[in-house]
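I opened this notebook to keep track of the side-chain contacts I looked up, one entry at a time.

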Amino acid sequence: DYNEQVPPPIRGFLRGRPAHYGKLLKSLALPTLTICGELDAVNLPAMTRYTASLVPGARSLWYADIGHMPFWEAPQRFDADLADFVRSLA
């Protein structure tokens, strides 16, 4: 419901917008974790795979039966995964 508060015309502008971030993603030199709900219909899992494939050393986590907001739909798992990632950097 939260995401639907953005007016439909504004959400419409976001569809099909070109985003050519490949060069930038390849240049990142920082720890990166991608988390994606396998049912995400807003940011398709293919985009997460694309991002993770370009960022050197990126790690990915996939949440089955979760949509666009893993932090909301599975908050305990999300928090634990994020905490594990941060601890792994120390």
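Predicted model: local features only at pLDDT ≥ 70, side-chain atom pairs only at ≥ 80, totals over all residues.

Residues are numbered from 1 along each chain as its sequence is written, and side-chain values use heavy atoms, leaving out hydrogens and water.

Next I looked up aromatic pairs (ring centres of Phe, Tyr or the six-membered ring of Trp within 6.5 Å; planes under 30 degrees apart are stacked, over 60 edge-to-face, the rest tilted), and the structure holds 1. Phe-78 pairs edge-to-face with Phe-71, at 6.2 Å centre to centre and 70° between the planes, and Phe-71 is partly exposed at 44%.

I then turned to Arg-77, which lies over the face of Tyr-63 at 3.6 Å from the ring centre; the rule asks for NZ of Lys or CZ of Arg within 6 Å of that centre and within 35 degrees of the ring normal.

For salt bridges (a side-chain nitrogen of Lys or Arg within 4 Å of a carboxyl oxygen of Asp or Glu), I found a count of 2. Arg-77, partly exposed at 37%, bridges to Asp-81 at 3.3 Å, and Asp-81 is buried at 16%. Arg-87, exposed at 55%, meets Asp-84 at 2.6 Å, N to O, with Asp-84 partly exposed at 42%.

Terms used:
Buried < 20%, exposed > 50% of the residue type's maximum accessible area, 1.4 Å probe, protein only.
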